[in-house]
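Q: Could you show me how to read a few features of a structure, one at a time? I would like the general idea and then the case here.

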2 protein chains.
Amino acid sequence: MKSKTQTHAERWGLFELALEGTDEGNPYKECLLTAIFRHRERTVDITGFYDGNGVYRIRFMPDTEGEWTYKTASNYPELDGITGRLTCGAPAAGNRGPVRIRNRYGFMYEDGTVYHAFGTTCYAWIHLNEHLQERTLRTLASAPFNKIRMCVFPKHYSFNSEEPVYFPFVRTEAGEIDFSRFDPRFFANLEHRILQLQRLDIEADLILFHPYDKGRWGFDSMDRETDDFYLRYVLARLSAFRNVWWSLANEYDFMKGKHTEDWDRLFQIVQQEDPYDHLRSIHNGTRMYDPGSVVMYDHGKPWVTHCSIQHWDVTLTAVWHDLYKKPIVIDECCYEGNIPQRWGNITGEEMTRRFWDGVTRGGYVTHGETFLHPEDVIWWAKGGELHGESPRRIAFLRSIINGAPADCEPIPAVYDVPTIGVEGEYYLQYFGLHVPAYRMIELPDTAEYSLEIIDTWNMTISDVPGKVSGKFRLDLPGKPYQAVRTRKITSDINNNPICHKQH
Amino acid sequence: MKSKTQTHAERWGLFELALEGTDEGNPYKECLLTAIFRHRERTVDITGFYDGNGVYRIRFMPDTEGEWTYKTASNYPELDGITGRLTCGAPAAGNRGPVRIRNRYGFMYEDGTVYHAFGTTCYAWIHLNEHLQERTLRTLASAPFNKIRMCVFPKHYSFNSEEPVYFPFVRTEAGEIDFSRFDPRFFANLEHRILQLQRLDIEADLILFHPYDKGRWGFDSMDRETDDFYLRYVLARLSAFRNVWWSLANEYDFMKGKHTEDWDRLFQIVQQEDPYDHLRSIHNGTRMYDPGSVVMYDHGKPWVTHCSIQHWDVTLTAVWHDLYKKPIVIDECCYEGNIPQRWGNITGEEMTRRFWDGVTRGGYVTHGETFLHPEDVIWWAKGGELHGESPRRIAFLRSIINGAPADCEPIPAVYDVPTIGVEGEYYLQYFGLHVPAYRMIELPDTAEYSLEIIDTWNMTISDVPGKVSGKFRLDLPGKPYQAVRTRKITSDINNNPICHKQH
C-alpha cells in the first residue's frame, strides 16, 4: 500500500519514498527491499530499509536533472512492484553536490567547485543531550570548519562515559543490546544532525567502527554477520545524504578483533552498497607513536578514495602523496588543549603551525580541541564550545586558501620551504619555525609580481612595496610563523595599481 | 741517526720520536717507517710519517702504565732498527683517555668516566686567520661543548670563500695543489689546535672528506690512490692524539664521485691504520630533505662505532637505536640562526627543544649557529663568537645530564613522553611543545621520590613540595619546554630532609 509520495527533488537533494507494510517478525532481517531508479537509459539500483512501526523507506539522491521513474522489488508482496515518477530540478543555492576526488591532491564538489577540507573532530557529539547537540551546532555555525569527524557508535573513553539515550541497535527491556534490530529513533536524530550540518556546508565524515567500547556495549566486537548487517543498514539509510563521507574506522589498528581482510571486506561492502560513491577512507591509530613508520592500511587500495591519517609529523605529506597518489587528510596530528594525554595537549601555535605546514605541502589537516572542562565537555568528544586559539587562525588560513588558484599544487622544486602554487602565477610558502632574515625569491623576469608577508599567528598581511620581477631579496621579520604570498600581477591590476601598506 | 728523545709520557698522552733523515726525493711517497712498541708481552704496531725538512716522526699514545720499548723499521737505512725505552706514567688530572663506546646508547672515556656528547660545529675554523682561531678557542673555553665538528680540508661554501694560507697538500710555485706532497705547516697548526681543544676537554670530531670544494681545489675529487695516500698520512700523524674522532665525511652523499664501496674501503683503512681504535662514523646529507626516510649509509657495519646523523626530526632517535644498536649523535638537526638556508635558521627555542628532545630519547644532539654577520664570521663555518640563545640552555641541560645516573637509558615504557632514567631510581621526562595541565605520575609505592619541574627555557628548577610514592597527580605550568625530574630519595637524604622551594 503506497503512502503519500514525494514527486520532486533537487539535484543532489534527498528523495524519499515511504511505504507502509507489516511490523511483524523482524523486517530488519527479513525484508528485502530495493528499487530501480531510471533516467532515460540509465538505471540506479537502490536499497531501502525498514524504519520501524510498519514504515519502509527508499531514499534516493538524484544526480541528474529531469524525469526519473522508479519501481520497487521486495520479498514482502505489499512493497513489491510499486512504481512512481520523480522530477529532479536544479540544486538550490549552496547545494554543490557531494564532495569528489578532484586530483591526486584535492577535492571538489560534484558541481566542480573546489573543496578544501578544513575539518574538526567531535566524535560523540550526537550521543550527548539535545541541549549540547544544539550548542555544538551553534558553535559550528560560526567556526571555520567544513568537515566534522563523528562516530555512529557511542564512545566509551577518557572524559566520555555518558550513557546515550538511543543506540543504533535497540535495547531489550532488560537493557541488553539486541543486535538483530535497529533503533530508528537513533537514526532519526543522526539524520537530523547530518541535515543540519549540510545546511552549514559541513561534510559529515562518519566513523562506522571504532574501538572505544571495551566491552561496555560490544559494538567493537560484533561478529562478522552483525558488522555486515549494521553496515548495510547504515548505507541504505544514509547514502542519499550528499554530505556524508565514510570513515571505515577510527584507529582501526586498536580493534584487535579485525584484520586487514575484514577491513577489505567492509570497504567493499561500502563500495558496492553506496550508489553514490561517497568518499571512503580509514584512520590509523598507533602510527602516532611509531616514528619513522609511514606505513598503515594500504591507502593505495582501489576502494580507498583518500588518506585519512593520524601522524604528528605533517611534513610526511609529500611521502604519502608519493606513496598513494591520493589526497592526504591528516585527520589527527594532536589536538590543541591541556589534557594529560600526549595527543591532546599541544598549544594553539603548534596546532596552527601544523595546519599551515600541512596545507602548504598540499595536504589537509584536521582540528581538534581538548581543554580540561569542569564537566568534561571537551570539544573533541562532545562538542559544545571552542576555547582554543587555533580556530581563528584556521579561519584565516582558510580565507587565504580560498583565495588561491584552484590549481594550486605542491611545488617540489622549492625543496627547502613548503610551497604550494601554480608555477609562474602564484606561490604560497610557509616558514613555520624557520626565521631567515631574508630570502632570495626567484621569479620569471617576463612578468611582474606582488609579494606579501603573512604573519600566520597575528593574522596580518603586509604588502611588500613595489612590483617584483626576476631575482629579489625579500627581507623577512625574523620571527616564527611567517608565510610569503607571491602573485602575478595581471594586466587588470596593472591598470589599477595595487595599494601598498608599509611593510 | 737518532735525535734528542722523549723518554716519558703519561698514559693516553703523546709520545713522539723525532728522527733525522734525508729530504731528497719524495719521502711522503717513498719512505716506509714503522715501529713496534712493546709492553711486557703486548706489542703495538705504529706507522711514522715524514714531517718535512728531513724530520721523520713516530707518535704513540701509550694506554698502559709502565715500561715500554720500541724498535723502528724502515726502507730508509738511517731510520731502520732504532730502539728505545719509554716510561708511561699515570695520566695527569683531566686526562681520562680517548672516548669509547660505553653501550648501545652512550660513550665513556677509557678511564670509565661517562662521556655525554654535547657537540658544536665549526667546520673551517682552522682554515681562518690566527686571530680568529684564537678567538674561537676563547669562546669554546666558556661554552658548554665537549666535541667540535671540524674539517681537515678547507671549505668553499656560502659565507665561506676565504683562501687558507696552508693546505694539507703543498702548492707548487704556480699555485697548483701538489697531491704528492703534504704540507707540514698545515698539520702543525691542526695539531696545535687539537691539543688546545684537548686542554679544553673538547673532542675533535675530524671530518676527513667533504664535498664543499666544487673544483676550487679538487680535494673532493681526488683519485682513489690520493684519497688513500692522504688518509694514511692523517692517520699516522693524528691517531696518537687522544681526543680525535674520525668522521669519514660530512654529507658523504653529496660527493657524487664516491660510492658505498669507497666509503667501506676508507672506513677499513681507518680501522686498520689507527692503532687506538678512535671513534668512527660518517655523516649524511640529503636525508635532511627526505622526510620519512631513515635509511642512510649502513651504520650497522662493523667499522662504524656510532651514528652521526643529519635529520631535523630527533624523535627518530628510537628508530635508529633499534636499527643500529649504537649510540646516536644527531650532528646536524638545523642550526640556530637567521641565514636564508633552511638548515640554518631555527630559533634558539627550537634548537634547545631539539637538544632536550633528543637527549631525553637517549640520543645526543649537536649545536651549530648561523647568524648573519657583517664580515660573514659565522660560527658554524668559521668560529669566532656565539650570539645565540641556545648555548646557555645547552649548558643547563648538560648540568642536568651530568647530574643524572650514569646508567640512564631510554625508558620506552613511558611511551608518550620522551624519558630517560633508571627504573625505580631516576626519571627525566621532557614535554617539549606539549602543555598538559597535569600528569599522573606512577611510581613504586615501596620508595619515596622527590619531584622537580624544570623550565628548560628559563632554566629554573622548582621542587614539588613533599615526598611522593605510588600514583600522584602532578600539576604542570601549562607552557612549553617543561621537564620533570623524579629522583628516589635515598636513606641519607631521608635523614637530612631535602629543602623545598615553593613551586
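Q: Is Asp277(B) buried, exposed or partly exposed?
A: A residue is buried if 20 or more other C-beta atoms lie within 10 Å of its own, exposed if 12 or fewer, and partly exposed in between, with C-beta atoms placed from the backbone. Asp277(B) has 13 other C-beta atoms within 10 Å, so Asp277(B) is partly exposed. This is a predicted model, in which local features need pLDDT of at least 70, side-chain atom pairs count only at pLDDT 80 or more, and totals for chains, interfaces and linings use all residues. Residues are numbered from 1 along each chain as its sequence is written, while chains are lettered from A and ligands numbered from 1 in the order in which they are written.

Q: Where in chain B is Asp277(B) found?
A: Helices (H or I, at least four residues) and strands (E, at least two) are DSSP runs, numbered from the N terminus. Asp277(B) lies in the loop between helix 5 (260-273) and strand 18 (280-281) of chain B. Thr305(B) is 28 residues from Asp277(B) in sequence, and the two are 9.5 Å apart in space, C-alpha to C-alpha.

Q: Which way do the residues of strand 19 of chain A point?
A: In a regular strand the side chains alternate between the two faces of the sheet. In strand 19 (residues 307-310) of chain A, Cys307(A) and Ile309(A) point one way and Ser308(A) and Gln310(A) the other way. All of them are buried.

Q: What joins strand 19 of chain A to strand 20 of chain A?
A: Two strands pair if DSSP finds at least two bridges between them. Here four bridges join strand 19 to strand 20 (residues 328-332) of chain A, and the two run parallel. Cys307(A) has Ile328(A) in strand 20 of chain A as its bridge partner.

Q: What is the order of the open sheet of three strands in chain B?
A: The order is 2-6-5, with antiparallel pairing. Strand 2 (15-20) and strand 5 (49-50) of chain B stand at the edges, each with a single partner strand, so one side of each is left without a neighbour in the sheet. Strand 5 is joined to strand 6 (residues 55-60) of chain B by two bridges, and Phe49(B) has Arg57(B) as its bridge partner in strand 6.

Q: Which rotation superposes chain A on chain B?
A: Two copies of a chain are related by a rotation about an axis and a shift along it. Copies are superposed by least squares on the C-alpha atoms of residues with pLDDT of at least 70 in both. For chain A on chain B, the rotation is 180° with 0.0 Å of shift along its axis (RMSD 0.0 Å). That is the relation of a two-fold axis.

Q: How many residues does each chain give to the contact?
A: Two residues are in contact if their C-beta atoms, placed from the backbone, lie within 7 Å. Chain A gives 31 residues and chain B gives 31 residues. On the side of chain A that touches chain B, helix 6 and strand 27 (438-442) of chain A each supply at least two residues. Strand 27 of chain A has the largest share, three residues. Of the interface residues of chain A, 100% are also interface residues in chain B, so the copies meet through the same surface.
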